[in-house]
Amino acid sequence: MSTMKQQRNQSGSALVYSTEAGGRMCPGCGEPVAQCRCKELKARVPATDGIVRVSHETKGRKGKGVTVVKGVALDAAALTALGKQLKTACGSGGTVKDGVIEIQGDHRETVIAALVKQGHTVKRAGG
């Protein structure tokens with residue numbers, strides 16, 4: 001029998017269907033779709049040191065600055081809700097990607113004040 005884990009061959013393609021496993025395979029975890037564990041893995045809260053770091057970055061954004069919030073120990077749904085609250089407080093757009101909140105523009109002071117008000121330990125990172 002073949003293994004159920006996602007196997008990549010030399011051309012870089014992955015197993016997408018297996019008659020032995022019972023059908024379609026999940027591209028994320030490599031398990032059959034009926035036994036997929038991806039949602040369980042995403043729901044976990046990342047381990048942090050308890051300090052939320054707020055910085056300003058322009059790298060990779062064609063000179064446009066964004067306020068970056070890292071280290072918030074919340075699950076994906078709560079992090080999205082916090083991102084929405086911070087964007088509303090700043091009156092700006094933004095996104096939540098890979099556990100990091102990005103808010104368009106330089107709003108470090110506003111974000112720090114809002115996070116301290118919610119009870120987070122916050123540090124200003126970077127310059």
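Okay, let's start in a loop: aspartate 98 sits in the one between S5 and S6. Strands here, and helices too, are DSSP runs numbered from the N terminus, with helices being H or I of at least four residues and strands E of at least two. Is aspartate 98 buried or exposed? It counts as exposed, because its relative accessibility is 83%. For the cut-offs, buried is under 20% relative accessible area, exposed is over 50%, and partly exposed is in between, using a 1.4 Å probe and protein chains only. The phi of aspartate 98 is near 50°, which is a positive value in a residue other than glycine.

Before I go on, a word on what you're looking at. This is a predicted model, where local features need pLDDT of at least 70 and side-chain atom pairs count only at pLDDT 80 or more, while totals for chains, interfaces and linings use all residues. Residues are numbered from 1 along each chain as its sequence is written, and side-chain values use heavy atoms, with hydrogens and water left out.

Lysine 62 also has a positive phi, near 55°, and it isn't a glycine either. You'll find lysine 62 in the loop between S3 and S4, and it's exposed because its relative accessible area is 84%.

Now, the sheet. Strands of a sheet pair through backbone hydrogen bonds, either parallel or antiparallel. Here, five strands make an open sheet, in the order S5-S6-S4-S3-S7, and the pairing is mixed. By pairing I mean that DSSP finds at least two bridges between two strands. Which strands are at the edges? They're S5, residues 94-97, and S7, and each pairs on one side only. From one strand to the next, the twist averages 20°. Axes, by the way, are lines fitted to C-alpha atoms, for helices over the stretch in contact, and angles run from 0 to 180 degrees between N-to-C directions.

Let's walk across it. S5 pairs with S6 in the antiparallel sense, over four bridges, and in that pair threonine 95 stands opposite glutamate 102 of S6. S3 and S4, residues 66-70, are antiparallel and joined by five bridges. Valine 54 has valine 69 in S4 as its bridge partner. Then S3 pairs with S7, residues 121-124, in the parallel sense over four bridges, with isoleucine 51 opposite threonine 121 in S7.

Next, the helices. H2 lies across S4, S5 and S6, at about 20° to S6. H3 lies across S3, S4, S6 and S7, and runs at about 165° to S3. Which residues of H3 are buried? They are Arg108, Val111, Ile112 and Leu115. Seen down the axis of H3, those buried residues fall within an arc of 100°, so they line one face of the helix. That arc is taken from the directions from the helix axis to the C-beta atoms. On the face turned away from the buried side you get the exposed residues Glu109 and Lys117. The buried residues of H3 pack against S3, S4, H2, S6 and S7. Contact in this talk means heavy atoms within 4.5 Å. After H3 comes glycine 119, with a positive phi near 100°.

So what's inside? A nonpolar core is a set of buried Ala, Val, Leu, Ile, Met, Phe, Trp, Tyr and Cys residues joined through side-chain atoms within 4.5 Å. The largest one has 13 residues, and Val69, Leu86, Ile101, Val111 and Leu115 touch the most other members. S3 (51-57), H2 (76-90), S6 (100-104) and H3 (108-117) each give two or more residues to this core. H2 gives the most, with four residues. Zoom in on valine 111: leaving aside neighbours within four places in sequence, it contacts Val54, Thr67, Val69, Leu86, Cys90 and Ile103.

My last stop is threonine 67, in strand S4. How buried is threonine 67? Its relative accessible area is 0%, so it counts as buried. A polar atom of the threonine 67 side chain lies 2.7 Å from the backbone oxygen of glycine 105. Not counting residues up to four places away in sequence, threonine 67 touches a list of residues including Val54, Ile101, Asp106, His107 and Val111.

Methods
Polar contact = N/O pair within 3.5 Å; in protein donor to acceptor, adjacent residues only side chain to side chain.
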